[in-house]
Amino acid sequence: MGNRAFNFNAGPAALPLEVLEQAQEQFVEYKGAGMSLMEMSHRGAIYEGVHQEAEQLLRELMGIPDNYKVLFLQGGASTQFAMVPMNLLQPGKVASYVATGSWAAKAISEAKLFGETQIAASSEADKFMRIPSASELNVPAEAAYLHLTSNETIEGTQWAEYPDTGLVPLVGDMSSDILCRPLNVSQFGLIYAGAQKNLGPSGVTIAVIREDLIGTPSMPVPTMLRYSTHAKNDSLYNTPPTFAIYMTNLVLNWVKAQGGTAAVEKINLEKASLLYDTIDASNGFFRGCAQEGSRSIMNVTFRLPSEELEKLFVKESEAEGFVGLKGHRSVGGLRASIYNAVPRSSVQALAGFMNEFQRRHG
Ligand code: PMP
(Lines give C-alpha, C1' and ligand atoms only; values in the text may rest on other atoms or scores of the structure.)
Protein backbone atom coordinates (compact mmCIF):
# COMPACT_ATOMS: atom_id res chain seq x y z
CA MET A 1 0.00 0.00 0.00
CA GLY A 2 1.68 3.19 -1.20
CA ASN A 3 1.65 6.71 0.12
CA ARG A 4 0.98 6.25 3.82
CA ALA A 5 1.55 9.61 5.50
CA PHE A 6 4.05 9.96 8.31
CA ASN A 7 1.24 10.10 10.84
CA PHE A 8 2.04 11.81 14.17
CA ASN A 9 -1.56 12.57 15.13
CA ALA A 10 -2.29 12.77 18.86
CA GLY A 11 -5.49 10.76 18.70
CA PRO A 12 -7.22 9.31 16.86
CA ALA A 13 -3.83 8.22 15.69
CA ALA A 14 -1.92 5.84 13.47
CA LEU A 15 -3.11 2.23 13.43
CA PRO A 16 -0.92 -0.66 12.29
CA LEU A 17 -1.19 -1.06 8.51
CA GLU A 18 -1.60 -4.84 8.96
CA VAL A 19 -4.65 -4.20 11.14
CA LEU A 20 -6.24 -1.86 8.61
CA GLU A 21 -5.66 -4.37 5.82
CA GLN A 22 -7.11 -7.20 7.85
CA ALA A 23 -10.18 -5.11 8.67
CA GLN A 24 -10.52 -4.22 5.00
CA GLU A 25 -10.39 -7.86 4.00
CA GLN A 26 -13.07 -8.77 6.57
CA PHE A 27 -15.14 -5.63 6.18
CA VAL A 28 -17.96 -6.60 3.85
CA GLU A 29 -18.21 -10.23 4.81
CA TYR A 30 -16.86 -11.43 8.13
CA LYS A 31 -15.38 -14.93 7.88
CA GLY A 32 -18.02 -16.34 5.52
CA ALA A 33 -20.96 -15.22 7.70
CA GLY A 34 -22.84 -13.55 4.84
CA MET A 35 -22.64 -10.14 6.47
CA SER A 36 -20.28 -7.62 7.99
CA LEU A 37 -19.46 -7.89 11.67
CA MET A 38 -21.10 -4.47 12.02
CA GLU A 39 -24.40 -5.98 10.86
CA MET A 40 -24.40 -8.72 13.48
CA SER A 41 -26.21 -8.93 16.77
CA HIS A 42 -24.06 -8.22 19.77
CA ARG A 43 -25.77 -11.23 21.37
CA GLY A 44 -24.69 -13.61 18.61
CA ALA A 45 -21.91 -16.18 18.94
CA ILE A 46 -19.61 -14.54 16.40
CA TYR A 47 -19.57 -11.11 18.00
CA GLU A 48 -19.37 -12.59 21.49
CA GLY A 49 -16.27 -14.51 20.39
CA VAL A 50 -14.60 -11.27 19.33
CA HIS A 51 -15.67 -9.53 22.55
CA GLN A 52 -14.27 -12.32 24.72
CA GLU A 53 -11.05 -12.59 22.74
CA ALA A 54 -10.44 -8.85 23.14
CA GLU A 55 -10.89 -9.15 26.90
CA GLN A 56 -8.67 -12.23 27.15
CA LEU A 57 -5.91 -10.64 25.08
CA LEU A 58 -5.96 -7.48 27.15
CA ARG A 59 -5.76 -9.61 30.31
CA GLU A 60 -2.83 -11.53 28.88
CA LEU A 61 -0.93 -8.51 27.52
CA MET A 62 -1.40 -6.39 30.64
CA GLY A 63 -1.11 -9.28 33.10
CA ILE A 64 -4.45 -8.39 34.68
CA PRO A 65 -5.07 -10.36 37.89
CA ASP A 66 -8.28 -12.41 38.26
CA ASN A 67 -9.76 -10.06 40.85
CA TYR A 68 -10.04 -7.26 38.27
CA LYS A 69 -12.84 -6.76 35.76
CA VAL A 70 -12.18 -5.53 32.23
CA LEU A 71 -14.94 -3.25 30.96
CA PHE A 72 -15.67 -1.92 27.48
CA LEU A 73 -17.41 1.41 27.94
CA GLN A 74 -18.48 4.40 25.86
CA GLY A 75 -18.28 8.15 26.30
CA GLY A 76 -14.50 8.37 26.07
CA ALA A 77 -12.04 8.92 28.88
CA SER A 78 -13.89 12.20 29.49
CA THR A 79 -16.87 10.25 30.85
CA GLN A 80 -14.48 8.41 33.18
CA PHE A 81 -13.58 11.79 34.69
CA ALA A 82 -17.15 11.76 36.09
CA MET A 83 -17.65 8.02 36.57
CA VAL A 84 -14.62 7.73 38.85
CA PRO A 85 -15.89 10.12 41.55
CA MET A 86 -19.53 9.08 41.07
CA ASN A 87 -18.66 5.48 41.79
CA LEU A 88 -15.70 5.69 44.17
CA LEU A 89 -16.23 8.81 46.28
CA GLN A 90 -17.88 8.03 49.63
CA PRO A 91 -19.32 10.46 52.21
CA GLY A 92 -16.62 11.80 54.53
CA LYS A 93 -13.90 11.01 52.00
CA VAL A 94 -12.04 13.27 49.58
CA ALA A 95 -11.01 12.69 46.00
CA SER A 96 -7.26 13.25 45.74
CA TYR A 97 -5.63 14.25 42.43
CA VAL A 98 -2.17 14.89 41.08
CA ALA A 99 -2.30 18.06 38.98
CA THR A 100 0.09 17.34 36.12
CA GLY A 101 -1.46 19.28 33.25
CA SER A 102 -4.40 19.70 30.91
CA TRP A 103 -6.02 16.28 31.22
CA ALA A 104 -5.56 16.04 34.98
CA ALA A 105 -7.22 19.47 35.23
CA LYS A 106 -10.28 18.20 33.37
CA ALA A 107 -10.49 15.18 35.65
CA ILE A 108 -10.26 17.43 38.72
CA SER A 109 -12.91 19.89 37.59
CA GLU A 110 -15.30 17.04 36.89
CA ALA A 111 -14.68 15.47 40.33
CA LYS A 112 -15.55 18.80 41.95
CA LEU A 113 -19.13 18.29 40.74
CA PHE A 114 -19.49 15.30 43.04
CA GLY A 115 -17.70 16.08 46.28
CA GLU A 116 -14.61 17.36 47.98
CA THR A 117 -11.36 17.26 46.05
CA GLN A 118 -7.78 17.72 47.19
CA ILE A 119 -4.57 18.24 45.24
CA ALA A 120 -1.92 15.76 46.41
CA ALA A 121 0.76 17.51 44.35
CA SER A 122 0.95 19.93 41.47
CA SER A 123 3.60 20.88 38.93
CA GLU A 124 1.77 24.02 37.88
CA ALA A 125 4.61 26.21 39.18
CA ASP A 126 6.78 24.54 36.54
CA LYS A 127 4.15 25.05 33.86
CA PHE A 128 3.35 21.34 34.13
CA MET A 129 6.61 20.46 32.45
CA ARG A 130 7.41 17.76 34.99
CA ILE A 131 5.79 14.96 36.97
CA PRO A 132 5.90 15.47 40.75
CA SER A 133 8.14 13.03 42.61
CA ALA A 134 6.65 10.50 45.01
CA SER A 135 8.07 12.44 47.98
CA GLU A 136 6.04 15.53 46.99
CA LEU A 137 2.74 13.69 47.25
CA ASN A 138 0.48 14.57 50.13
CA VAL A 139 -2.34 12.03 50.11
CA PRO A 140 -4.78 12.46 53.00
CA ALA A 141 -5.71 9.37 55.01
CA GLU A 142 -9.37 10.01 54.17
CA ALA A 143 -8.73 9.91 50.41
CA ALA A 144 -11.22 7.70 48.58
CA TYR A 145 -8.59 7.34 45.87
CA LEU A 146 -5.59 9.07 44.33
CA HIS A 147 -5.99 9.90 40.66
CA LEU A 148 -3.05 10.41 38.32
CA THR A 149 -2.71 10.98 34.59
CA SER A 150 -0.11 8.49 33.47
CA ASN A 151 0.81 10.46 30.37
CA GLU A 152 -0.11 14.11 29.76
CA THR A 153 -0.80 14.02 26.04
CA ILE A 154 -0.66 17.80 25.57
CA GLU A 155 2.37 18.72 27.70
CA GLY A 156 4.32 15.56 26.79
CA THR A 157 5.11 14.36 30.31
CA GLN A 158 4.82 10.81 31.62
CA TRP A 159 5.13 9.08 34.97
CA ALA A 160 8.29 6.98 34.96
CA GLU A 161 7.31 5.16 38.15
CA TYR A 162 3.98 5.11 39.91
CA PRO A 163 3.71 6.02 43.60
CA ASP A 164 2.90 3.48 46.28
CA THR A 165 -0.34 4.73 47.83
CA GLY A 166 -0.75 1.99 50.42
CA LEU A 167 -4.41 1.34 51.14
CA VAL A 168 -5.62 4.30 49.09
CA PRO A 169 -6.65 2.97 45.66
CA LEU A 170 -4.64 4.43 42.82
CA VAL A 171 -6.66 5.45 39.76
CA GLY A 172 -4.82 5.97 36.48
CA ASP A 173 -5.90 7.73 33.31
CA MET A 174 -3.77 5.80 30.82
CA SER A 175 -5.51 7.07 27.70
CA SER A 176 -2.31 8.01 25.94
CA ASP A 177 0.10 5.36 27.17
CA ILE A 178 -1.77 2.16 27.93
CA LEU A 179 0.17 -0.86 26.59
CA CYS A 180 3.25 1.23 25.80
CA ARG A 181 5.30 -0.74 28.37
CA PRO A 182 4.89 -3.50 30.93
CA LEU A 183 2.76 -2.54 33.91
CA ASN A 184 2.05 -3.93 37.36
CA VAL A 185 -1.75 -3.67 37.30
CA SER A 186 -2.04 -4.58 40.98
CA GLN A 187 -0.54 -1.18 41.88
CA PHE A 188 -3.84 0.30 40.67
CA GLY A 189 -7.42 0.05 41.83
CA LEU A 190 -8.70 1.36 38.51
CA ILE A 191 -7.17 2.07 35.13
CA TYR A 192 -9.04 3.64 32.24
CA ALA A 193 -8.19 4.65 28.70
CA GLY A 194 -9.93 5.85 25.59
CA ALA A 195 -8.91 3.45 22.83
CA GLN A 196 -8.00 5.92 20.12
CA LYS A 197 -4.26 6.18 20.73
CA ASN A 198 -2.70 2.83 21.58
CA LEU A 199 -5.64 0.43 21.42
CA GLY A 200 -7.78 1.03 18.38
CA PRO A 201 -10.22 3.53 16.93
CA SER A 202 -12.29 5.98 18.96
CA GLY A 203 -15.61 4.76 20.29
CA VAL A 204 -14.61 2.39 23.05
CA THR A 205 -13.09 3.14 26.45
CA ILE A 206 -11.39 0.45 28.50
CA ALA A 207 -11.66 0.27 32.28
CA VAL A 208 -9.79 -2.25 34.41
CA ILE A 209 -11.19 -2.21 37.92
CA ARG A 210 -10.46 -4.17 41.08
CA GLU A 211 -13.60 -6.04 42.10
CA ASP A 212 -13.81 -4.66 45.64
CA LEU A 213 -14.13 -1.12 44.20
CA ILE A 214 -17.17 -1.98 42.10
CA GLY A 215 -19.79 -1.97 44.93
CA THR A 216 -22.78 0.30 45.19
CA PRO A 217 -22.14 4.02 44.70
CA SER A 218 -23.05 6.23 47.65
CA MET A 219 -24.79 8.77 45.42
CA PRO A 220 -27.53 8.26 42.83
CA VAL A 221 -25.76 7.22 39.64
CA PRO A 222 -27.51 6.53 36.33
CA THR A 223 -27.47 2.85 35.40
CA MET A 224 -25.14 3.34 32.44
CA LEU A 225 -22.62 5.24 34.57
CA ARG A 226 -22.25 2.55 37.23
CA TYR A 227 -19.26 0.25 36.92
CA SER A 228 -21.39 -2.50 38.49
CA THR A 229 -23.85 -2.45 35.57
CA HIS A 230 -21.12 -3.24 33.07
CA ALA A 231 -19.23 -5.59 35.36
CA LYS A 232 -22.32 -7.73 36.00
CA ASN A 233 -23.11 -7.97 32.31
CA ASP A 234 -19.66 -8.53 30.80
CA SER A 235 -19.94 -5.11 29.11
CA LEU A 236 -23.06 -6.34 27.29
CA TYR A 237 -25.69 -4.56 29.36
CA ASN A 238 -26.60 -2.53 26.29
CA THR A 239 -25.25 -2.51 22.75
CA PRO A 240 -21.49 -2.12 22.93
CA PRO A 241 -19.50 -0.36 20.19
CA THR A 242 -19.01 -3.62 18.33
CA PHE A 243 -16.85 -2.33 15.51
CA ALA A 244 -14.50 -0.40 17.81
CA ILE A 245 -14.09 -3.49 20.01
CA TYR A 246 -13.44 -5.63 16.92
CA MET A 247 -10.73 -3.20 15.78
CA THR A 248 -9.26 -3.14 19.27
CA ASN A 249 -9.11 -6.93 19.19
CA LEU A 250 -7.12 -6.77 15.95
CA VAL A 251 -4.72 -4.25 17.50
CA LEU A 252 -4.29 -6.44 20.59
CA ASN A 253 -3.47 -9.40 18.35
CA TRP A 254 -0.92 -7.18 16.61
CA VAL A 255 0.68 -6.17 19.94
CA LYS A 256 0.91 -9.84 20.87
CA ALA A 257 2.54 -10.62 17.54
CA GLN A 258 5.11 -7.88 18.22
CA GLY A 259 6.10 -9.81 21.33
CA GLY A 260 3.88 -8.07 23.90
CA THR A 261 4.45 -5.00 25.99
CA ALA A 262 8.14 -5.65 26.75
CA ALA A 263 8.98 -5.83 23.04
CA VAL A 264 6.79 -2.83 22.28
CA GLU A 265 8.47 -0.81 25.05
CA LYS A 266 11.90 -1.51 23.56
CA ILE A 267 10.81 -0.12 20.20
CA ASN A 268 9.05 2.82 21.88
CA LEU A 269 12.21 3.72 23.79
CA GLU A 270 14.23 3.61 20.57
CA LYS A 271 11.73 5.83 18.78
CA ALA A 272 11.59 8.34 21.63
CA SER A 273 15.39 8.43 21.93
CA LEU A 274 15.72 9.16 18.24
CA LEU A 275 13.69 12.34 18.68
CA TYR A 276 15.02 13.43 22.08
CA ASP A 277 18.59 12.86 20.90
CA THR A 278 17.88 14.99 17.85
CA ILE A 279 16.50 17.72 20.11
CA ASP A 280 19.40 17.51 22.57
CA ALA A 281 22.04 17.53 19.83
CA SER A 282 20.62 20.66 18.18
CA ASN A 283 22.55 23.17 20.32
CA GLY A 284 19.33 24.71 21.54
CA PHE A 285 17.66 25.08 18.13
CA PHE A 286 15.07 22.54 19.26
CA ARG A 287 14.10 22.75 22.93
CA GLY A 288 12.31 19.86 24.60
CA CYS A 289 9.35 21.07 26.68
CA ALA A 290 9.23 18.35 29.34
CA GLN A 291 11.94 18.20 31.97
CA GLU A 292 14.43 15.37 31.93
CA GLY A 293 13.01 12.43 33.87
CA SER A 294 9.44 13.41 32.97
CA ARG A 295 9.76 13.13 29.20
CA SER A 296 7.00 11.13 27.56
CA ILE A 297 7.88 8.28 25.22
CA MET A 298 4.47 8.76 23.56
CA ASN A 299 4.19 12.52 22.96
CA VAL A 300 7.41 14.37 22.26
CA THR A 301 6.83 18.11 22.70
CA PHE A 302 9.37 20.69 21.60
CA ARG A 303 9.82 24.31 20.60
CA LEU A 304 11.80 26.21 18.03
CA PRO A 305 13.52 29.59 18.48
CA SER A 306 10.42 31.51 17.33
CA GLU A 307 6.75 31.01 16.59
CA GLU A 308 7.44 31.96 12.99
CA LEU A 309 9.88 29.09 12.68
CA GLU A 310 7.38 26.77 14.34
CA LYS A 311 4.76 27.72 11.75
CA LEU A 312 7.29 27.19 9.00
CA PHE A 313 8.23 23.80 10.47
CA VAL A 314 4.60 22.68 10.34
CA LYS A 315 4.18 24.00 6.80
CA GLU A 316 7.33 22.44 5.40
CA SER A 317 6.75 19.16 7.22
CA GLU A 318 3.25 18.89 5.79
CA ALA A 319 4.64 19.42 2.30
CA GLU A 320 6.89 16.42 2.91
CA GLY A 321 4.12 14.09 4.06
CA PHE A 322 4.27 14.62 7.83
CA VAL A 323 0.91 14.96 9.57
CA GLY A 324 -0.08 16.12 13.05
CA LEU A 325 3.09 17.84 14.25
CA LYS A 326 1.46 21.09 15.36
CA GLY A 327 1.32 21.28 19.17
CA HIS A 328 -2.03 21.43 20.95
CA ARG A 329 -3.62 24.84 20.50
CA SER A 330 -3.58 25.45 24.27
CA VAL A 331 0.23 25.23 24.56
CA GLY A 332 1.57 25.87 21.06
CA GLY A 333 4.92 24.55 19.89
CA LEU A 334 5.29 21.17 18.24
CA ARG A 335 4.35 17.66 19.21
CA ALA A 336 5.16 14.31 17.69
CA SER A 337 2.86 11.59 18.96
CA ILE A 338 4.66 8.29 18.57
CA TYR A 339 2.23 5.68 19.83
CA ASN A 340 2.82 1.94 19.48
CA ALA A 341 1.61 1.81 15.89
CA VAL A 342 3.82 4.63 14.60
CA PRO A 343 6.56 2.78 12.73
CA ARG A 344 10.22 3.36 13.46
CA SER A 345 10.62 4.42 9.83
CA SER A 346 8.26 7.38 10.35
CA VAL A 347 10.27 8.51 13.36
CA GLN A 348 13.54 8.14 11.47
CA ALA A 349 12.08 10.24 8.68
CA LEU A 350 11.05 12.91 11.19
CA ALA A 351 14.50 13.01 12.82
CA GLY A 352 15.97 13.43 9.34
CA PHE A 353 13.54 16.22 8.54
CA MET A 354 14.36 17.99 11.82
CA ASN A 355 18.09 17.93 11.09
CA GLU A 356 17.48 19.15 7.57
CA PHE A 357 15.19 21.93 8.82
CA GLN A 358 17.84 23.10 11.28
CA ARG A 359 20.47 23.06 8.54
CA ARG A 360 18.27 25.28 6.37
CA HIS A 361 16.93 27.64 9.04
CA GLY A 362 19.22 27.32 12.08
N1 PMP B 1 -7.12 11.76 29.08
C2 PMP B 1 -6.04 11.86 28.28
C3 PMP B 1 -4.69 11.67 28.88
C4 PMP B 1 -6.21 12.13 26.92
O5 PMP B 1 -5.13 12.24 26.12
C6 PMP B 1 -7.51 12.29 26.39
C7 PMP B 1 -7.77 12.54 24.92
N8 PMP B 1 -6.81 13.13 24.20
C9 PMP B 1 -8.58 12.21 27.27
C10 PMP B 1 -8.36 11.93 28.59
C11 PMP B 1 -9.98 12.41 26.78
O12 PMP B 1 -10.36 11.30 26.05
P13 PMP B 1 -11.69 11.21 25.21
O14 PMP B 1 -11.54 12.10 24.04
O15 PMP B 1 -11.73 9.75 24.85
O16 PMP B 1 -12.82 11.61 26.09
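User: What share of the 362 residues in the chain is buried?
Analyst: This is a predicted model. Buried residues account for 45% of the 362 residues in the chain.
User: What box do the C-alpha atoms fill?
Analyst: Roughly 60 × 55 × 30 Å, taken along the principal axes.
User: Contacts next. Of those with a separation of 6 or more, what share comes from residues 24 or more positions apart?
Analyst: Such residues account for 69% of those contacts in the chain.
User: Switching to helix pairs. How do you describe two packed helices?
Analyst: By the angle between their axes and the distance between the axes.
User: OK, at what angle do the axes of α3 and α4 cross?
Analyst: At roughly 45°, and the axes come within 8 Å. Helix α3 covers residues 76–88 and helix α4 covers residues 102–111.
User: Left-handed or right-handed crossing?
Analyst: The crossing of α3 and α4 is right-handed.
User: Which residues make the contact?
Analyst: On α3 they are S78, F81, A82 and P85. On α4 they are K106, A107, E110 and A111.
User: How does that contact split by class?
Analyst: The contact of α3 with α4 has five nonpolar residues, one polar and two charged.

How values were computed:
Residues are numbered from 1 along each chain as its sequence is written. This is a predicted model: local features need pLDDT of at least 70, side-chain atom pairs count only at pLDDT 80 or more; totals for chains, interfaces and linings use all residues. A residue is buried if 20 or more other C-beta atoms lie within 10 Å of its own, exposed if 12 or fewer, and partly exposed in between; C-beta atoms are placed from the backbone. Two residues are in contact if their C-beta atoms, placed from the backbone, lie within 7 Å. Axes are lines fitted to C-alpha atoms, for helices over the stretch in contact, and angles run from 0 to 180 degrees between N-to-C directions. Helices (H or I, at least four residues) and strands (E, at least two) are DSSP runs, numbered from the N terminus. A crossing is left-handed if the near helix is turned anticlockwise from the far one by less than a right angle, and right-handed if clockwise. Ala, Val, Leu, Ile, Met, Phe, Trp, Tyr, Cys and Pro count as nonpolar, Asp, Glu, Lys and Arg as charged, and the others, Gly among them, as polar.
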